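I opened this structure without having seen it before. These are my notes, in the order in which I looked things up.

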Amino acid sequence: MKKTSLTAYLLVVVLFATAIISVCLGDMYISLFQVIQSFTGKGSEAHTMIIEMLRLPRITTALLVGASLAVAGSILQGVVRNPMASPEILGVTGGASAAAIAFLTFAAGTVSIRWLPVSALAGAGAVSLVLYVFAWKRGVTSMRLILIGVGMSALMSGVTTMMIVFNPKNDAGQAYTWLTGSVYAANWENVLLLLPWTAILLPLTMLMTRHVNIAQLGDDIATSSGSRVQLNRFILLMFSVALAGSAVSVGGAIGFVGLLAPHMARKLVGANFRRVMPVSALLGAIIVMLADLIGRTAFIPLDVPAGVFTAAIGAPFFIYLLYARRNES
Amino acid sequence: MRFTRTNGWRAAGLAAGAVLLLIFLVASLLFGAKNYTWKAAWESLVRYDEESVEQVIIRTTRLPRALIAAAIGASLAIAGALMQTLTRNPLASPSVLGVNAGASFFVVFAAVLLSVSNLQALMWISFIGAAIAAVIVYVLGSAGRGGLTPLKIILAGAAMTALFASFTQGVLALDKQGLSTVLFWLTGTIAGRSPDMLGIIFPYMAISWVSAWLLAKGLNILTMGEETAKGLGQRTYLLKIAVGAIVVVLAGGSVAIAGPIGFIGIVVPHLSRYIAGIDHRWLIPYCAVCGAILLLAADICARFIMIPEEMPVGVMTAVIGAPFFMYIARRGLSK
Amino acid sequence: MKRFKLLLVLMLSIAIAGCGTTGSNGSNGAKNSGGTANAAETEAPAATGDAAEGSRTIEHAMGSATLEKKPERVVVLFNGMVDISVALGVKPVGAVESWDQKPWYEFLRDEMTGVENLGDENQPNIEAIIALKPDLIIGAKTRDEKIYPQLSAIAPTIITEEVFDWKENLKLAAKALYMDEQADKLLADWDQRVADFKQKAGDKLASTEVSVVRFEKDGTARFYATGFAGTIFKELGIGRPQAQMVEGKAVVNLTSKEQMEQLDGDYIFDITQIKEDEPSRAAAQTDWTSHPLWKNLKGVKNGKYLKVDVVTWNLSAGVLAANSMLDDLYNYFELK
């Protein structure tokens, strides 16, 4: 127990440190003192504008996106009882991507771009619904859900690629950036779009901890212990979809956070979901914030999408983790 | 509807399949944005007249395309059948288990960031990518208690596919110009593929086909269960490595020519098993023929859907194959 | 316990957010209205209070912007506007980089010394823009719609409807830069040249079909149905091949050589960028042009397959590029 609290505290510290560093670093270096000046209203106009209009919303978005994806992943891994499950696997991300790319291809220009996150969210929801229906055969088993999810995501991937290739405006750059996952130019509107989902679903998920823990023991044990397996599974999956869908709708298809963060969390604090969930959230937030920080500072004047780094760092790390844990189940 | 599968029937079926294949090959020559006649096709093959636009089109664009479709279709189908046997998983295939994705990423990386354009080099790079992906997925899927379960390996494959896809997107996001180098290739397209590439890769493919067929008996034994096979004196370890190598060459080669084309490896083995049964000595030839036919059919259809442009065949196979995949998944992985 | 920590984190971030939003609004002298609404109704920009000095309110594709006086520090966010600024004799303080010949096209480079490079046209570096303290920002809807709220908080921001519609962009820029006379002169010169061209070319323009093609690194070919070159052809009254008059698409991709005839026209203008370090483009070009079907193309048979400069024919998309392209056309149509 002590270890968990310590870990959590440490992560919160790291989170704040990352946030503070992110505020200071960027195209223009703003020292901590100047940051504080800006907050108290005495900073230079340029600094204040950069911090409040660009960096803070971007950092906050990255934080929320990371936390949401991480928790979505940890729910999935618990419910599916497999450490390799993630929102990308189920096709949720794929559905959001297809909808977003469809929007960019056909509607951008005629419809305000503020509707992009909404369409992405709708795509995620639609795909999840279809997924659930296809997977329903007197109930839904995790296995069937995953398998059909894999099929769905392949389908979505094919459709998305085609829309990119045959874009009548011949402009694949925007689409590819979205697909890689980026929080460039995130504004407060994005934050406000995402915040309700995260703020409501995270605590709700905590309430379902017991059910996730039981689900990890297997369907039979779960049923006999009184847990209403189907219902709980449905609720948890809906939470996962909502978290992942909302995160992806704002941040694009950022990959690996949902896969990696729960893993790292489990390695740090064990398998009890009550501990895993918050720790994953913190880790996810840190990962995305760091990825975005690197993306916008390491290649100036280019702004590399955060998704490149979540993949670049996340993937080898993931392989390492899996190999290291190969003898645990 | 069960009919007795005797060798006689199977042979007849195979012969019928070969005829069907020929028909589809010819159809691929004839149909498209413009339809040509038998006569034109015949003449372009035997009495080639460079002045005739029709004949030039048939001979220089349609013929290589048909041959490539057939070769890749056969290769992917065989690769899928082998993977399904090896992992005892009816949903295994080069696309699902990340082999295609690994090969694609390596090719994209080489072509875009390292500006490799030598065909031979790209082919070997594709092989390497396929091999690495296959090994990782196999190891991840077998790791931990319970060994290689169908679900684990599918998840490992999906994770690896996502990984390589992210990497590929990353490369393209970093080098926006690179997008135009590989854009069409990434969708899985047979149109406009150079026959030179086929020429280079074909020997490897052919050897793989024959090797797969030669290993058929060993594979039959393997399906009885690994313990049983070992008990019967089979050196399963060697067999698995050999099969793995064949899959890598078939999948990697296909990806090198036409980019990642999915679902042929899942759908065709099932179809073939339905017709010919699980004896690999028949299954493999059936897969080859059916795979070739299916991809040819998909490619022909792809010419008509988005006139004047053409839909990439990889998208067609995804749109047809994904529902099939989901249907099988629904039935469950009973093995 | 954990859940409270998480809530704590969230609340803190909201708190920071709260401090943020109250602080930043309306902190500069610029006024912008109608911020993030949909596309504007009118193409033609209107300006009220059109004094040579003094304030102006300018309607643009995403609303309207008010300038107090003639802007001195201008930031331009798309290639076409770089061209136009240089043509008007205005040196921006910051601009997005060119698609090729980075950071600025060679034919513009002399005028662009000391200009800050703001990165890719698709993702300009907003922090750098703030650091430049501009008093005017000119962007394009297709590129900058998403960041318009941020841009308009930095400085009065004008958004054009299209990137390659150079005439409209020139007029709008002229209003914003208080350089109406210069722009009118440029446009008048252009109109005169166009009239001259049409007169010298005579009737054959409408019946001449021109095709604009390009070969890509992955071995595909494409033709341009519209785009920058397309608008100029339209203005000059030059015809396009039937196969290339495709509704709703700017570019059509051809993957198979059997589609070769769609590249045909009386004149075939090739805008492929050949670079020494990118052999695959040259390879694709050779691949298509050495194919037996190629020599059957009308344009090729008539010796009218011409390689032209992609920078002025497609990428730069401004008034200087337009004039340069017209120079080329005078040559190719053997006029003057």
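**Entry 1**

I began with Ile146(A) and, setting aside neighbours within four places in sequence, listed its contacts: Val80(A), Ala85(A) and Ile89(A), together with Leu151(B), Ile154(B) and Leu155(B). I note here that the model is a predicted one.

I then looked up the largest nonpolar core, which has 324 residues. Ile146(A), Ile78(B) and Val247(B) are the members that touch the most others in it. Helix α3 of chain A, residues 45-80, supplies the largest share of this core, with 20 residues. I also checked chain C: domain 1 (53-182) and domain 2 (201-332) of that chain both give residues to the core, so the core lies between these two domains. As background, I wrote down that nonpolar side chains tend to be buried together in soluble globular proteins.

**Entry 1: Val212 of chain A**

I stayed in chain A and turned to helix α9 (residues 209-215), where Val212(A) is found. Is Val212(A) buried or exposed? I counted 23 other C-beta atoms within 10 Å, and 20 or more make a residue buried, so Val212(A) is buried.

Val212(A) is in contact with Ile75(A), Gly78(A), Val79(A), Leu236(A) and Phe273(A). I also took one distance: Val212(A) and Gln77(A) are 135 residues apart in sequence, while their C-alpha atoms are 9.5 Å apart in space.

**Entry 2: where chain B touches chain A**

How many residues of chain B are in contact with chain A? I found 44 residues of chain B in contact with 43 residues of chain A. On the chain B side, the elements that give two or more residues are α5 (119-142), α6 (150-174), α7 (178-187) and α14 (313-331). The most come from α6(B), which gives 16 residues. I sorted this side of chain B by residue type and got 30 nonpolar, nine polar and five charged residues.

**Entry 3: chain B as a whole**

I listed the secondary structure of chain B and got 14 helices and zero strands. For its extent, I took the box that its C-alpha atoms fill along the principal axes, which is roughly 65 × 55 × 35 Å. I then compared the radius of gyration with the globule rule: a compact globule of 335 residues would have a value near 20 Å, and chain B has 20 Å, so the two agree.

Of the 335 residues of chain B, 55% count as buried. I also looked at contacts in chain B between residues at least 6 apart in sequence, and 77% of them join residues at least 24 apart.

Chain C has 14 helices and 14 strands. Buried residues make up 48% of its 336 residues. For contacts in chain C with a separation of 6 or more, residues 24 or more positions apart account for 65%.

In which order do the strands of the open sheet of five strands run? I read the order as β7-β6-β5-β8-β9 (chain C), with parallel pairing. The edge strands, each pairing on one side only, are β7 (116-117) and β9 (157-160) of chain C. I followed one pairing in detail: β8(C), residues 136-140, is joined to β9(C) by four bridges, and the two run parallel. Ala140(C) stands opposite Thr160(C) in β9(C).

**Entry 4: hairpins in chain C**

I looked at β3(C), residues 56-60, and β4(C), residues 63-67, which run antiparallel and are joined by five bridges. Two residues connect β3(C) to β4(C) in a hairpin. Glu59(C) has Ser64(C) in β4(C) as its bridge partner.

Another hairpin is formed by β10(C) and β11(C), with five residues between them, and Gly219(C) in its turn has a positive phi of about 90 degrees. Strand β10 (residues 210-215) of chain C pairs with β11(C) in the antiparallel sense over three bridges. Val213(C) has Phe223(C) in β11(C) as its bridge partner.

I then followed β11(C) to strand β12 (residues 251-254) of chain C, where the pairing is antiparallel over four bridges. Ala221(C) stands opposite Leu254(C) in β12(C).

Last, I checked the two faces of β11(C), residues 221-224, and both are covered. Ala221(C) and Phe223(C) lie on one side, Arg222(C) and Tyr224(C) on the other, and all are buried.

Terms used:
Residues numbered from 1 in each chain as written. Chains lettered and ligands numbered in written order. Predicted model: local features only at pLDDT ≥ 70, side-chain atom pairs only at ≥ 80, totals over all residues. Core = buried A, V, L, I, M, F, W, Y, C linked by C-beta atoms within 7 Å. Buried ≥ 20, exposed ≤ 12 C-beta atoms within 10 Å, placed from the backbone. Domains from an automatic or database assignment. Contact = placed C-beta atoms within 7 Å. Nonpolar A, V, L, I, M, F, W, Y, C, P; charged D, E, K, R; others polar. Rg over C-alpha atoms; globule rule 2.2 N^0.38 Å. Pairing = 2+ DSSP bridges.
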